[in-house]
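Hello,

Here is the structure I promised to pass on. My notes follow below it.

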Amino acid sequence: ADCSGCAERERGLQELRAALAAPSLYHRPPDAVRARLRSALESASRGASAPAPAPRSRPKGRARAVLIATAAAAVLVVVSLAAGALLFRSAAAEDRLAEEVVAGHVRSLQVAHATDVASSDRHTVKPWFRGKLDFAPQVPDLSAAGFALTGGRLDYLGNRPVAALVYHRRAHPINVFTWPAGDGAGEGPIRALHRQGFHIRAWRQSEMAYWAVSDLNTQELDEFVRLFRTCSSAPSP
């Protein structure tokens with residue numbers, strides 16, 4: 001009860017258990033296959049009490065092949081179940097995080113608390129986070145492209161404090177949440193999501209996780225993300 005990390009691991013195990021119990025993971029074989037298996041088992045049972053025939057090389061080879069094929073199929077099923085469970089858990093975790101991102105974006109608008117530090121100067125916004133977080137967020141200046149920095153604030157996502165950078169494109173605010181990725185995963189493709197009428201873009205870059213959310217149209221949001229990634233990878237002046 002006092003360990004958030006333990007609680008998160010417990011939730012993961014519960015999700016894995018639920019995923020493995022999902023009916024969709026189990027396949028009922030056709031009746032013809034079930035009948036052949038039952039017949040084979042009955043034949044094997046009847047043959048167990050009879051004298052064993054002299055071994056012949058050809059049937060033994062066939063039996064070995066059947067055993068190998070059966071073992072391979074069993075391994076494939078186990079691997080498929082494990083992979084499906086991991087994918088299910090990953091998708092569920094991403095879905096929860098997407099909901100938190102949208103909630104943080106909406107909350108900042110509803111309570112008129114979009115920023116803790118209101119400034120268009122990246123040299124004012126970036127230092128403001130010093131001492132408040134255990135990392136230094138990238139704060140690119142995109143005003144020349146029409147995406148004005150308006151400030152930043154502290155937020156809380158995925159059971160940890162994160163930096164929220166606020167930009168505007170005309171009357172459309174863009175929240176960019178960022179924090180250390182922390183799992184050693186490298187850079188990956190930009191993931192596009194849509195929740196509650198908001199567009200979301202998520203990506204990883206330089207061992208940092210980024211989630212951008214806005215009601216801005218997808219074309220301009222994609223342009224913003226492209227510029228943000230390009231400027232974030234460039235050396236800071």
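Tyr 26 sits in the loop between helix H1 (4-20) and helix H2 (31-48). Helices are DSSP runs of H or I with at least four residues, strands are E runs of at least two, and both are numbered from the N terminus.

This is a predicted model: local features need pLDDT of at least 70, side-chain atom pairs count only at pLDDT 80 or more, and totals for chains, interfaces and linings use all residues. Residues are numbered from 1 along each chain as its sequence is written, and side-chain values use heavy atoms, without hydrogens or water.

Tyr 26 counts as exposed because its relative accessibility is 53%. The cut-offs: buried is under 20% relative accessible area, exposed is over 50%, and partly exposed is in between (1.4 Å probe, protein chains only).

Now H1. Gly 12, Glu 15 and Ala 19 are buried there. They cover an arc of only 65 degrees around the axis, so they lie on the same side of H1. The arc is that of the directions from the helix axis to the C-beta atoms. Leu 13 and Arg 17 are exposed on the face turned away from the buried side.

Then H5 (residues 218-233). Its buried residues include Leu 221, Phe 224 and Phe 228. The buried residues of H5 fall within an arc of 170 degrees, so they line one face of the helix. They pack against strands S3 (160-169), S4 (172-180), S6 (198-205) and S7 (208-214); contact means heavy atoms within 4.5 Å. On the other side of H5, Gln 219 and Ser 233 are exposed.

Best wishes

Terms used
Expected span 1.5 Å × (residues − 1).
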